[in-house]
Amino acid sequence: MSTRIAFKRVLVGFQQSAPDRAAVRLAAELAGLLRVDLCCMCIEDPGLSGLAAYPGRREFRVLGRHWSPLDSDQLSREIDLHARAVRRLFDEAARRAGVQGRFETVRAAVGEALRSLPTSGDIVIISEPQSPSERVLAPFPQLVRAAFQSKATVFYIPRRIVRRSGPVVAVATSRDDASIAVATAVAASAGESVVVLEVTDGADGAPAAPRGEGAGVSAGEVPTGRLRVARRALSDIASLSAALRGLDERMVVLGRSVFRADDVAMPSAFAALRGVPVLLVGEPAGGEGSEADEAA
Amino acid sequence: MANNPAERHEETAGEAAPLDPDRLYRAADPAGLGFETTADLEPIDGLIGQQRALDAITVGTGVPRQGFNLFAIGHTGALTRRAVESVLNDAAADRPAPSDWVYVNNFKEPHRPIAIDLPAGRAPDFRDAMRELVDELKTALPAVFQSEEYQTRRGAIDEAFQKKQAEAFSELQKRAQEHNIVVMRTPMGFALVPSRDGEPIPPPEFNALPEEQREAIQKTIAELEKDLEHIVHQIPGWDKERRDELRRVNEETAQIAIAQPIEEVRRRLADLPRVLEHVEAVRADLVENIAAFVVAGTQAEAGDSGGSSGGDSGGETLPGGPFDRYQVNVLVSQQDCDGCAPVIEELHPTLPNLTGRIEHLARQGALVTNFRLIKPGALHRANGGYLLLDARSVLTEPFSWTALKRALRSRQIVIEDPSRLVGTSSTISLDPDPIPLDLKVVLFGDRTLYYMLAAADPELSEHFKIVADFEDDFDRSAETEALLARFIASILRRESMKPMDADGVALVLEHASRVADNAGKLTLEVDQLRDLLAEADFWAQKAGRDTIARADVRKALDQWIWRSSRVRDRLQEQIIDKVSLIDTQGARVGQINGLSVMSLGGFAFGRPTRITCQVRPGAGKVIDIEREVELGGPLHSKGVLILSGFLAGRFALDAPMSLSASLVFEQSYGGVDGDSASSAELYVLLSALAELPIRQDLAVTGSVNQLGDVQAIGGVNEKIEGFFDICRERGLTGTQGVMIPASNVRHLMLRDDVVEACREGRFAVYPIARIEQGISLLTGRPAGERGPDGNFPEGSVYAAVEARLQAFADIRRSFGREGGTGQGTTS
């Protein structure tokens, strides 16, 4: 038996950076695979719209590389345009994936919005910006931190994806690790197989028990393979990545407990290293009880 | 027949007498053919009676020089063409199979595709090798570029770039934080604002700060802005370094990835230097354009076909795909041939069908093309062999004739776009490499067309030096009848018809003489015979016979006449009903039955026409009314003018001709041409002058010269039958008949009913050699011969004519005298 999380929606949030088509598409695809709704939050940070109120403020425009005075009307117009572009992209992705889509505009600081809105039945999409400046500068770091601190499952999309097909890997630290059920559900919908990486205290690299045995994981009709890895492989992302070598996975599902609770950089670094999205399930340490239920 | 000198004498001298019925039709002897049915005969392949044309073809196919192409003229129907094709196939067997030709992409100048020739049959191998290469690379390259090794290298490059930027921005952010400034991302760029605990200070709070503090913050922000600007300006340079490094890694990876598949292609086609040259060009281009494979591979994995409009998804690649540039367009291949040169017939020689064409695909509203859309024309397919064309078709297709001549002169095939030639082209096209041309062209056409073309186009003789002039007929003898019988057997067998018995074949042979319009010839219009055989086969089938009998052939002939004779029947009906006035008995001055032939849709029939003449004193002019109203052709006018010459040479030798005569074809409302009625016109003129009535139960055909010799005409059988039909309808009297030139006797192949009527003495055919014979028969008086006293005998036709002419001269002289006194008028 494994813990199954009853997901309700996939939540993709956009702040003022340029909307990422690939991220929206992947979010819609995930919603389709899990058969849940797709919800888009367009976050309008009041701090941003208030920038023009500072005396003599100006912005450095990337396009044209010049300084331009901050005008409140123009800023509002650009924020509005951004919201419309996001909505167009979102609607198109939802239509193509055949999922129910809902679009919301939220007026709140980015961190605040992500800390308060998602529930444990949500999957929050975090798409790493292509631009290093966007990754380093506000509000993306705040967005990531808030997402990892929220109750929601986090789907972290690295800026470069190297594979779009292959097995779904579940890194299971226990027999009833929620990652197994989630990985199985995704694999079943995508027509892929599942590889369960069982974290043990024994020797690493040993083959796992045959299907349906060993860890006692129910895998349904999805082809499932198993590998065992020593717990020390979780000590750093390079070791963990090495454990997945040769699997050519399309996605990694793992529990939040795999990484240190206070290190939000590790999941993103792991996703970047593997070049595939990472789905972080479970609540952060110290969180309230999840809506997880027991699967038969 | 008239080949006997004694018979010839009979026909050219003395009084006209009815022709022996045996000479009205030359029957074939079934027993003499020596078989029961055509199944007993050995078939003949190829042509019969065409030695002259065959010799020409031999020369045309054998001389390996420019311009020695063939122009086959005559009745070159389908069977003849097939026979010529058979001869050419034999010649083609002795020629080596020509090269295969392919078009490949020109990577340097894509609008000029490269033509490559390969040994016969190798083009498909080249095409398959390249297709397999592309297929393999479509799988292998994405795999290589998704491999961990590559991704690690690429990731390292990206990471270095990202790290450089991230460090710069982190440093900026750090410095900013030290001064309680936050760098924010705006929709269009970056902005720096004062902060507290990492969050922007609300503007009212900031504005409430002391001025010195605000100025200090502004100063700090200004310095940080410079740093930010500096970083942003560095990014393009870093990015270029990243791209260069990435390109180098990509090229290295691609070189390694494609080396093995390319080497396999090289090994497979190692004996083809030009192909190897192209393969190297492909290798270089692949390295430059590896992204197309990686993107396609990624899309394929994602199941995304949107946007990929090409046809590279299947095993058989269709044009228009992203990998077209590496494919091979096999223009012509001898793979499926038996090692011989090709013999190609192009039935629709439009310019594109002749020289090839460049097709286009619609892409987002625009027409685009590439080398894969080059399609071969007949010249490509026949290159190295023989091309058969119908001359009329070539000449009636715009641009085709000139394009053919250009190709033959330049000895290369240039694909020409008709829309460009007329200046209406509005889309991108190609300028493919011309392909060297080495072939023999055989044009088929009728003689008129050839002679007209030869007169109008001086280049004809430059390009078509050999004329194969096909005979229309050949001499009829026992041997040639047997030969044609075997040919008939060949047609029947080849076309899966029933065999024909000897009686049936005899009738076909007789019909062959009738078609030849000559009892001593057999036609070589084999297509016409083939049509007859096909229809006879049909009637035999209807009659439930296993072999085609004479009755079936007769039925086929009768049915053909029945189907074609509606107009003839209507015209005859008008004569019977006396709407068209033709007398078939009695006698009348200045009126005679002439005969003409009408040909409608391949069916010819004779028709009697009343010719009348009026005479009066005048200036010696015979007026051709047909000519005056522009209904008479030049040959007809010539015939009428000859009459004046005849009269001038025979009568009124010592005085100017003082005659004015008018001749007319009564109830003729269409054009009249030919001189076959000139003897009839002379008879009627003599009748009018002599005031002697002419027999109306006779009809006349034949031309005449100034000396009074009656000359041969065409359509003699149809003319006799035309008058016979009218007489038969009205009831044959036994005196009726037709006067024909004696020299036409050899052409007689009359219908059974006409022959039978003649045999029974109810109708007659009179061979006439001299006008004197004819006028004597028509008037019942001797023509007369000038005696030693210079006069014609009393009571003769000519004596009466001369007397009348003398009277006209006297009248004219008397008018002349009156005119001299100023009292009369001139004529």
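Author: A helix axis here is a line fitted to C-alpha atoms over the stretch in contact, and an angle between two axes runs from 0 to 180 degrees between N-to-C directions. The model you are looking at is predicted.

Reader: How are two packed helices described?

Author: Two packed helices are described by the angle between their axes and by the distance between those axes. Take helix H22 (residues 566-576) and helix H26 (residues 716-730) of chain B: they pack at an angle of about 50°, and their axes are 10 Å apart. H22(B) is therefore oblique to H26(B).

Reader: Is the crossing of H22(B) and H26(B) left-handed or right-handed?

Author: H22(B) crosses H26(B) in the right-handed sense. On the H22(B) side the contact is made by Gln572(B), Ile575(B) and Ile576(B); H26(B) brings Asp725(B), Ile726(B), Glu729(B) and Arg730(B). Sorted by class, this contact has 3 nonpolar, 1 polar and 3 charged residues.

Reader: At what angle do H5(B) and H8(B) pack?

Author: The angle between H5(B) and H8(B) is about 160°, with the axes 10 Å apart. Angles over 145 degrees count as roughly antiparallel, and H5(B) and H8(B) are therefore roughly antiparallel to each other. Their crossing is right-handed.

Reader: Which residues make the contact of H5(B) and H8(B)?

Author: From H5(B) they include Leu133(B), Leu137(B), Leu141(B) and Phe145(B), and from H8(B) they include Ala257(B), Ile258(B), Pro261(B) and Val265(B). Glu136(B) of H5(B) and Arg268(B) of H8(B) also take part. The contact of H5(B) with H8(B) comprises 11 nonpolar, 1 polar and 2 charged residues.

Reader: On which strands does helix H5 of chain B lie?

Author: Helix H5 (residues 123-146) of chain B lies across S2, S3 and S7 of chain B, and runs at about 165° to S7(B).

Reader: How do strands of a sheet pair?

Author: They pair through backbone hydrogen bonds, either parallel or antiparallel. In chain B, an open sheet of 3 strands has the order S3-S2-S7 with antiparallel pairing. Its edge strands are S3 (114-118) and S7 (328-332) of chain B, and each of them pairs on one side only. From one strand to the next the twist averages 30°.

Reader: Over how many bridges do S2 and S3 of chain B pair?

Author: Strand S2 (residues 100-104) of chain B pairs with S3(B) over 5 bridges, in the antiparallel sense.

Reader: Now the two chains. How many residues of chain B are in contact with chain A?

Author: The count is 33 residues of chain B, in contact with 35 residues of chain A. Among the elements of chain B that give two or more residues to this side are helix H6 (148-178), strand S5 (189-196) and helix H8 (211-268). H6(B) supplies the largest share, 8 residues. By class, the side of chain B that touches chain A has 17 nonpolar, 12 polar and 4 charged residues.

Reader: Which strand of chain A do bridges join to S5(B)?

Author: Strand S4 (residues 58-61) of chain A; 3 bridges join it to S5(B), and the two run antiparallel. Phe60(A) stands opposite Phe190(B) in S5(B).

Reader: And what does the secondary structure of chain A come to?

Author: Chain A has 9 helices and 14 strands. Of its 296 residues, 52% are buried. Among contacts in chain A with a separation of 6 or more, 80% are between residues 24 or more positions apart.

Note on methods: Residues are numbered from 1 along each chain as its sequence is written. Chains are lettered from A and ligands numbered from 1 in the order in which they are written. This is a predicted model: local features need pLDDT of at least 70, side-chain atom pairs count only at pLDDT 80 or more; totals for chains, interfaces and linings use all residues. Two strands pair if DSSP finds at least two bridges between them. Helices (H or I, at least four residues) and strands (E, at least two) are DSSP runs, numbered from the N terminus. Two residues are in contact if their C-beta atoms, placed from the backbone, lie within 7 Å. A residue is buried if 20 or more other C-beta atoms lie within 10 Å of its own, exposed if 12 or fewer, and partly exposed in between; C-beta atoms are placed from the backbone. Angles under 35 degrees count as roughly parallel, over 145 as roughly antiparallel, 65 to 115 as roughly perpendicular and the rest as oblique. A crossing is left-handed if the near helix is turned anticlockwise from the far one by less than a right angle, and right-handed if clockwise. Ala, Val, Leu, Ile, Met, Phe, Trp, Tyr, Cys and Pro count as nonpolar, Asp, Glu, Lys and Arg as charged, and the others, Gly among them, as polar.
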